[in-house]
Amino acid sequence: MSGHLISCLAFVILFIGVTLTADTTTVAPNTTQKTPKEVANETGICRKCICKDNKVNCFDQGIKDFFSLEEWNDLKELKPTTVDLSENHIVNVTLIGDLPIQVLNLSRCSIEFIQTASFRDLQEMTTLDLSHNKLTSDKLSPHAFEGRFAPEEYEPLAAMRKLNLAYNDLHSLHQDLFEHLPELTELDLSGNPLTTIDQVTIIAISSLPMLKVLRMRSCQLTEIPDKFLHTPRYLERLDISDNKLTAVPQELEETKNLVFLNLNQNPIVELDVTSENYPGFPRLRKLQELHMCNMKALRSIGAGSLAGLENLQSLHMSFNPKLSHLDPKAMARPDDIGETYDWPPVRELYLQSNNLSELDTRFLPRWDLLKSIDVSNNPFLCDCSTQWMVDVLVPIIDAKNINSTANMICNEPVEMKGYTMKHLHDIHRTMRCVDKYGHQPEKDGAMLLGTLIGVLLAVPIMLTLMLLWRHGYFAWLGLRGPVDVSRAFYKRAPADDSYNI
């Protein structure tokens, strides 16, 4: 009986043990199973980078070898839309897997080569940043931007809108470089040593009919050739600052839809509509914002030189140390008869830190319509010609920004030097007139009156002195009169002299 009981108890214990083991085996997988997204976060790429919220951040991780196709494919479950690989040491870019990447940053990676069709599977990519690398004209091939292969030809990267090639070593562009990017709207070529825009580069840019933004800052350009801007009819923003342009490019007239133009830091000396070497702006009917700042050689803006900018709303013309002449009619556009003038609807005016001694009230028709204005840090001449600035402009500026007139300081004449126009306005100061040579008429008048009085007093005094001298009153000083002088030269003839008649 006891043996049978022991056998039953042993069977029960064994059964319970087997059951528990089975339950543990069944439950364990459920507690350790990971989602596909969690698995993706532990792949090779995400072990080196930060993968979070559909973003892969590999910024400055010391990566030297571009990721393999298998590593890219491991990110499919993560579905990254933004990938940042900037500030690494990647020399060669290879094929990237089929991913929904929209923004790909490959800047500052020392890239020299991009293999054929490396981006073909990035059908949703809109922005590609390849700036600050070592790409050259010979090594950057049009095949780098090929799309997927179709039976007859390669498909384009139809979603691509922004391409940044700034600060590489491109002396020229292959004429077919953008043939697979037909919808590109923004291109940055800044910082490349183009020097001149050759014919193949013109063809390359002309192949982008949808281009809206073109940046060519610091490209050592000496001119903008004819027909360069003829094809991109939708071009809206152009940056050609920090080049070697000595005159406003007349080719700008081809840009029928240009709304923004940056000409900063170019060695343009003046704008004069009568000059062949320094012409004014051509007619740009839609231009709204113009930048002409930090131009060390610019000294004069002549009459009508800005008249072609019919819709100008924001004028930035600051930090030009030699700019001393701003013609009152620089923006005035005469009608067909020439009897009346129209001005552009300027709402923002920035003229700070130039060499302007005055602003003419006729430069704008309605100063009170400005929404923003800065004319500070100019060596203003405070006289009757700038009285309107004290009476009218100072209140307008102060109404836009309190204390913004603190740096509107008088430089001339001497007795006004150091005063702010705000102070002159507060004390209701009426300023005198100074002529163009800086002379002071009221002092000149005093000097003239003093001279006249001196002459009137000197004439009778001199006559009196002459009379006294003639009568010998100054003999005691050794000054003999005319009678004594004649006697001194007279000699009596001897008594024994005789004359034969």
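These are questions and answers on how labels were assigned in a predicted model.

Colleague: What makes Arg283 and Glu310 a salt bridge?

Modeller: Their closest N and O atoms are 2.3 Å apart. The rule asks for a side-chain nitrogen of Lys or Arg within 4 Å of a carboxyl oxygen of Asp or Glu, so the pair qualifies.

Colleague: Which parts does that pair tie together?

Modeller: Arg283 sits in the loop between strand 13 (270-271) and strand 14 (289-291). Glu310 sits in the loop between strand 15 (300-301) and strand 16 (314-316). The pair therefore links parts that are 27 residues apart in sequence.

Colleague: Why is Arg283 called partly exposed?

Modeller: Its relative accessibility is 44%. Buried needs under 20% and exposed needs over 50%, so a value in between is partly exposed.

Colleague: How do you know that Asp368 and Arg366 form a salt bridge?

Modeller: Their side chains meet at 2.8 Å, N to O. The limit is 4 Å, so the pair counts. Arg366 has a relative accessible area of 44% and is partly exposed.

Colleague: What about Glu415 and Arg432?

Modeller: That is a salt bridge, with the closest N and O atoms 2.8 Å apart. Glu415 lies in the loop between strand 23 (410-412) and helix 7 (421-426), and Arg432 in the loop between helix 7 and helix 8 (441-470), so the pair ties together parts 17 residues apart in sequence. Glu415 is partly exposed, at 36% relative accessible area.

Colleague: Which residues of helix 5 are called buried?

Modeller: In helix 5 (residues 199-206), they are Thr201, Ile202, Ala204, Ile205 and Ser206. The label requires under 20% relative accessible area. The buried residues of helix 5 pack against strand 9 (186-188).

Colleague: How many of the protein's residues count as buried?

Modeller: Of its 501 residues, 41% do. The protein has 9 helices and 23 strands.

Technical notes
Residues numbered from 1 in each chain as written. Predicted model: local features only at pLDDT ≥ 70, side-chain atom pairs only at ≥ 80, totals over all residues. Heavy atoms only, no water. Helix = DSSP H or I, 4+ residues; strand = E, 2+ residues; numbered from the N terminus. Buried < 20%, exposed > 50% of the residue type's maximum accessible area, 1.4 Å probe, protein only. Contact = heavy atoms within 4.5 Å.
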